Amino acid sequence: MSDGSAMSLRDEARAKVNLTLRVVGRRPDGYHELESVVAFADCADRLKLQPGPALSLATTGPGAQDCGDSADNLVLKAARLLGERVPNLTTGAFTLDKHLPVAAGIGGGSADAAAALRLLARANDLAADDPRLVEAARLTGADVPVCLPSKACVMTGVGEKLAPLPLPRLPTVMVNPRVPVATKDVFTALGLKPGSLTVGATDVLAAPVWPKAGAPLAEWVAALEAGTNDLERPALKVEPVVGTVLEALRATAGVQLARMSGSGATCFALYGDDASARAAAAALRAAQPGWWVHAGSLS
């Protein structure tokens, strides 16, 4: 065990963006099988761990009031699950500086939990691929395993199978209308019964082929454009403002692709360069001052 308990440790919980999201079916146990291209944004929550004898969590930052009861926070859930698997786990006091919108389809809570696991791994000299760490991530929530490495990949199964993807840096604008959307409500609106499939054998054989490392941005945009987010339509039923956000993004100058992320309501748009993304974000902020708007990149 590490004995540097006096030193606080810090990590970033980067937002997760589903560039594509196909719902392959629903398993008999009720979990949905997915196929998704996942990237990570340059906007993040920040998490600090002061190693010590007692596990606790304090929330600060502009989104602190949206986090709800800290006892239900995924940071604590992840830490407890890891503690059940690692004898004498050093924990301590977590401080979450919350910036990402919650219930937003960008895995904010899952990214926070993954950051907590990374910090606990450092505090306890655990390898990044320690099976106990990976298991704790999986049991914390479906999006936590992909957030643990926070690297672009194709995610399949119920979120546990990750294949690296050589995604280039994608200039982007992310928009959330500050309206929370519960993932459970969107999947309910999707209406798949347990044991049902949305694709046949021919669809599985025709799985997308992604560009090679170093391929130009335009080639990646074209490949992503051929995909979809199967949760977009049910999300529009649950919260029609998603359609308003998508229309606003698609009307910006230089936009190459606009789509919803995850189960919403956050949507993203891709651009050919950073200047176009910044200009689009400025226009959106001026038109909709109540929205959360981020200009940056995905990778």
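Me: Where is the place of A103 in this chain?
Reply: In this predicted model, A103 sits in the loop that runs between strand 4 (91–97) and helix 2 (108–123).

Me: What makes the phi of A103 worth a remark?
Reply: Phi of A103 is near 45°, which is a positive value, and the residue is not a glycine.

Me: Why is A103 called partly exposed?
Reply: Its relative accessibility is 39%.

Me: Why is R178 called exposed?
Reply: The relative accessible area of R178 is 54%. Exposed means over 50%, so R178 at 54% is exposed. R178 lies in the loop between strand 7 (170–176) and helix 5 (183–190), and it has a positive phi of about 60° without being a glycine.

Me: Which residues does UniProt place under "active site"?
Reply: The record, an unreviewed entry, gives K16 and D143 for that feature.

Me: How do you know that they gather at one spot?
Reply: They span 128 residues in sequence, yet no two of their C-alpha atoms are more than 8.8 Å apart, so they gather at one spot. The lining of the largest pocket includes K16 and D143.

Me: Why is K16 called buried?
Reply: K16 has a relative accessible area of 2%. Buried means under 20%, so K16 at 2% is buried. K16 is found in strand 1 (residues 9–26).

Me: Is D143 buried, partly exposed or exposed, and why?
Reply: The relative accessible area of D143 is 22%. The cut-off for buried is under 20% and for exposed over 50%, so D143 at 22% is partly exposed. D143 belongs to the loop between helix 3 (131–140) and helix 4 (144–147).

Me: What is D143 in contact with, leaving aside its neighbours within four places in sequence?
Reply: D143 is in contact with K16, S110 and M155.

Me: What makes the pair K16 and N18 a polar contact?
Reply: Their side chains are joined at 2.6 Å. The cut-off for a pair of N or O atoms is within 3.5 Å, so the 2.6 Å pair of K16 and N18 counts as a polar contact.

Me: What kind of peptide bond joins G264 and A265?
Reply: The bond is cis, with omega about 5°. A265 is in the loop between strand 8 (255–260) and strand 9 (267–271).

Definitions and conventions
Residues are numbered from 1 along each chain as its sequence is written. This is a predicted model: local features need pLDDT of at least 70, side-chain atom pairs count only at pLDDT 80 or more; totals for chains, interfaces and linings use all residues. Side-chain values use heavy atoms; hydrogens and water are left out. UniProt positions are given in the numbering used here, feature names are shortened, and annotations may be inferred rather than shown by experiment. On a 1 Å grid over the protein atoms alone, a cavity is a set of points where a 1.4 Å probe fits but cannot get out, and a pocket is an open set with protein on both sides within 12 Å along at least five of seven lines; lining residues have an atom within 4 Å of a point. Helices (H or I, at least four residues) and strands (E, at least two) are DSSP runs, numbered from the N terminus. Buried means under 20% relative accessible area, exposed over 50%, partly exposed in between (1.4 Å probe, protein chains only). A polar contact is a pair of N or O atoms within 3.5 Å; within protein, one must be able to donate a hydrogen and the other to accept it, and residues adjacent in sequence count only if both atoms are side-chain atoms. Contact means heavy atoms within 4.5 Å.
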